[in-house]
Amino acid sequence: MSELKIRTADLSDAADVLAFWKSAAEGTSVSDDEAGVTGLITRDPGALLLAESGGLLVGSVIAGYDGWRCSLYRLAVLPSHRRRGVATALLDAAEKRFVALGGRRGDAMVLEVNERAQKAWAAAGYHREDHWRRWVKPLAH
């Protein structure tokens, strides 16, 4: 694999990120549109981390910090580039970001049915907390 480069996303990356998530990420989000991605980048410019190899987008993670929680979303790796250290490099960059911002613990959103992802998160040192459940309510615009 070509040298892996980790960088923050900019506004011009929105369409490429959305296309990448369609091929590499599990599930969808209510924010999977250009407004959602550009809103994230505008609100927290360092949160969306991208991995590139040979100019190709091969991985992503959202490492959002609100001053209280370090939240990880959308860890995704292009299927052809899995098991090559891409996720490890992205999580390392995310964790360094959190530490620099004063964060104390990373929390990851992982789909219940995505066993491959659960194994990857466990291998990265994260553990499941069964006493928590996610509660959601769609907001009207």
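What percentage of the 141 residues in the protein chain is buried? Buried residues make up 34% of the chain, where buried means under 20% relative accessible area with a 1.4 Å probe, protein chains only. The structure is a predicted model, in which local features need pLDDT of at least 70 and side-chain atom pairs count only at pLDDT 80 or more, while totals for chains, interfaces and linings use all residues. Residues are numbered from 1 along each chain as its sequence is written, and side-chain values use heavy atoms, without hydrogens and water.

The chain holds four helices and five strands, in the order β-α-α-β-β-β-α-β-α. These elements are DSSP runs numbered from the N terminus: helices are H or I with at least four residues, and strands are E with at least two. Along its principal axes, the C-alpha trace spans about 40 × 35 × 30 Å.

Strand E4 (residues 70–77) is mostly covered, with six of its eight residues buried. E4 is joined by bridges to both E3 and E5; two strands pair if DSSP finds at least two bridges between them.

| Strand joined to E4 | Bridges | Direction |
|---|---|---|
| E3 (residues 56–65) | six bridges | antiparallel |
| E5 (residues 106–108) | three bridges | parallel |

Within these pairings, Ile62 has Tyr73 in E4 as its bridge partner, and Ser71 stands opposite Asp107 in E5. The hairpin of E3 and E4 has four residues between the strands, and Gly67 in this hairpin takes a positive phi near 95°.

Definitions and conventions. Buried means under 20% relative accessible area, exposed over 50%, partly exposed in between (1.4 Å probe, protein chains only).
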